[in-house]
Amino acid sequence: MAKHACELSFLSRSDGSALYSIGLTVALASVNGPGDVKVSNRLYNRAHLEVCYSPTTGHSMIRERALESLIMHTVEQAILVHLHPRTAINVTIQEMQSDGSALSTSINAACMALLDAGIQMKATFAAVTCCITPYGTILIDPTEAEIQESVAEATFVFDGSGEGSVLTAHQDGQLSYEDFKRCLKQCQEASKDVFAFYRRVIENKYQNEPES
């Protein structure tokens, strides 16, 4: 696994933010809300959720829109939207630097920013990306060069409730059923380290905060 790093409350003008990196890939996520919502988006029984994802190039193509939709689906499953009717929760993710595992970096940044903002969730969530080489070796948190030489890449998002259930899965390239299961199992194991890393980051945040 590549090294994970995270800095919470990176932005002063958002309700919560996180600068998250996996290896040389860096994503900045910010959260605003629950707050005011346009009348056209107002929902009587839940919060309106918006997710905006911007790649390093600044130009969102079809692939980026698909990733944005996938991140939205993940976040929507995790947060308790029914607690805040007639409001909006906005999640913005900016990819700062990319060297593979961009989707998992962005999703993990979003989770940490939601925690930083104090948004109530059913459970935390963590994404792990892997790729499989032509020789059948599975690499966790691969670099862009490793992905380019692989036969397939997969990202799995797990919930942190302890059961390790899959919230979302995304795949590029072809995987046999057996290889898919092997990738899932190794990513599931790796996610335990990610959740442990989350806990350390949150503990450090509250230990370092001055008492009011």
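This is a predicted model: local features need pLDDT of at least 70, side-chain atom pairs count only at pLDDT 80 or more; totals for chains, interfaces and linings use all residues.

Colleague: Thanks! In which sense do β4 and β5 pair?

Modeller: Parallel, over seven bridges, with β5 covering residues 88-97. Strands (E, at least two residues) and helices (H or I, at least four) are DSSP runs numbered from the N terminus, and two strands pair if DSSP finds at least two bridges between them.

Colleague: And what is the strand order in that sheet?

Modeller: It is an open sheet of five strands, ordered β1-β2-β3-β5-β4, with mixed pairing. β1 (4-8) and β4 (48-54) each have a single partner strand at the edges, so one side of each lacks a neighbour in the sheet.

Colleague: Which strands of it does α1 touch?

Modeller: α1 packs on the sheet against β4 and β5, and its direction makes about 140° with that of β4. Contact means heavy atoms within 4.5 Å, and angles run from 0 to 180 degrees between N-to-C directions, using axes fitted to C-alpha atoms, for helices over the stretch in contact. Helix α4 (residues 177-208) also packs on this sheet, touching β1 and β2 (16-22), at about 30° to the direction of β1.

Colleague: Staying with α4, is Lys205 buried or exposed?

Modeller: Lys205, which lies in helix α4, counts as buried at 18% relative accessibility. Buried is under 20% relative accessible area, exposed over 50% and partly exposed in between, with a 1.4 Å probe and protein chains only. Leaving aside residues up to four places away in sequence, Lys205 touches Leu8, Ser9 and Asp116.

Colleague: New topic: at what angle do α1 and α2 pack?

Modeller: About 40°, with the axes of α1 (residues 62-78) and α2 (residues 102-117) 11 Å apart. By class, their contact has seven nonpolar, two polar and no charged residues. Here Ala, Val, Leu, Ile, Met, Phe, Trp, Tyr, Cys and Pro count as nonpolar, Asp, Glu, Lys and Arg as charged, and the others, Gly among them, as polar.

Colleague: Last one: what's the order in the sheet of four strands?

Modeller: That open sheet runs β7-β6-β8-β9, with antiparallel pairing.

Methods
Residues are numbered from 1 along each chain as its sequence is written. Side-chain values use heavy atoms; hydrogens and water are left out.
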